[in-house]
Amino acid sequence: MRINYSEYRFSQGSRLNQQPPQPGEIWQVNRSVDSPLEFSWQEKQNLFPDSARRFLAGNSPPRYVMIVKEPESPVAAEEWQVVSVMVLSLNTDFLSSVDLLIPANLSGVGQDLLAQTWHVLPMLRCNLSHPIGKRLSREVYDLLLNVGDYYHGLIDEVPSASEIELGGLKIGKGVTEQQPELQAFHQQEEAWSAVLNVPVAAYNVYLKTMNLTAAIVEDAVQIEQELIESGARLWVQSQPNFYRENWRTSGDDRAVKK
């Protein structure tokens, strides 16, 4: 693994010329992940599980995410901005109390999507390919986030099944995340999310490296300045008559010239 210090160019063109992603929008995930670190072939094999490698190789269906929060830091380099997303899936066989169905008429994607309300994580904005379908309404957006927040213990009350259905979503009644087949599905989805997690982790390593490098350079400059100043003081102290003799010599020279 090494840092790419050369000028950064996107493999898929200037994707960042698009408008910043907005909460509630659905975006397709890019199959070619970018990060400020370059990985060797062996590192990619170790960092990305089979499901992630199949996706990156184009051997599995496209993946989508819903934007939860727009880029976090406006001062960060634009290509490495971090966005918060909820993972969506075309596999709608695992409807449950936390995996809600977004019908095609709500998403505008052309097919139903499974919203994994429990699966919200950060990703680099540059690894979003393009927006697709329609931006979800604020009502649907809030329902999805509230279900996920309840699952993670962030709020005390979960939306009722009737509220979820009135919002146009579908819930798997009586199906909980403790069931073995659903647990296996969640583990598989967590493994796939290395596509999103690894570039963010690489960015964090990159930030630490850059901060450390800047600190080392700053310390080196400070030490050099102190050494120069200290050396100058020691030199002057070792030759107390230097300026007096120079003054006398200069005065004598002027006297000769006259």
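## Basis of the description

The model is predicted, and local features need pLDDT of at least 70, side-chain atom pairs count only at pLDDT 80 or more, and totals for chains, interfaces and linings use all residues. Residues are numbered from 1 along each chain as its sequence is written, and side-chain values use heavy atoms, with hydrogens and water left out.

## Overall make-up

The protein chain contains 8 helices and 8 strands. These elements are DSSP runs numbered from the N terminus: helices are H or I with at least four residues, and strands are E with at least two. Of the 258 residues, 36% count as buried. Buried means under 20% relative accessible area, exposed means over 50%, and partly exposed lies in between (1.4 Å probe, protein chains only).

The chain exposes about 14900 Å², of which carbon and sulfur atoms supply 51%. Accessible areas come from the Shrake-Rupley method with a 1.4 Å probe, and for residues only the protein chains shown count as cover. Contact means heavy atoms within 4.5 Å. Among contacts between residues at least 6 apart in sequence, 74% join residues at least 24 apart.

## The nonpolar cores

A nonpolar core is a set of buried Ala, Val, Leu, Ile, Met, Phe, Trp, Tyr and Cys residues joined through side-chain atoms within 4.5 Å. The largest one has 22 residues, and those with the most contacts inside it are Ile26, Met66, Leu88, Ile102, Leu144 and Leu169. At least two residues of this core come from each of β4 (64–69), β5 (82–89), β6 (99–102), β7 (113–124) and α4 (138–151). Helix α4 gives the most, with 6 residues.

Not counting residues up to four places away in sequence, Ile26 touches several residues, including Tyr64, Leu88, Leu113 and Ile132. Another core, of 21 residues, lies apart from the largest one; Phe39, Phe55, Ile67 and Ala202 are among its members.

Strands β6 and β7 run antiparallel and are joined by 4 bridges; two strands pair if DSSP finds at least two bridges between them. Within this pairing, Ile102 stands opposite Leu113 in β7.

## Helix α6

Helix α6 (residues 180–192) has 13 residues, which at 1.5 Å a residue should span 18 Å; its end C-alpha atoms are 19 Å apart, which agrees. The expected span is 1.5 Å times one less than the number of residues.

The buried residues of α6 are Leu182, Phe185, His186, Glu189 and Trp192. Seen down the axis, they fall within an arc of 120°, so they line one face of the helix; the arc is that of the directions from the helix axis to the C-beta atoms. The face turned away from this buried side carries the exposed residues Pro180 and Gln187.

Ser35 lies in the loop between β2 (26–29) and β3 (37–38) and counts as buried because its relative accessibility is 11%. Ser35 and Ala202 are 167 residues apart in sequence, and their C-alpha atoms are 6.4 Å apart in space. Gln81 is found in the loop between β4 and β5 and is buried, with a relative accessible area of 10%.

Leu145 belongs to helix α4 and is buried, with a relative accessible area of 17%. Leaving aside neighbours within four places in sequence, Leu145 is in contact with Val68 and Met86.
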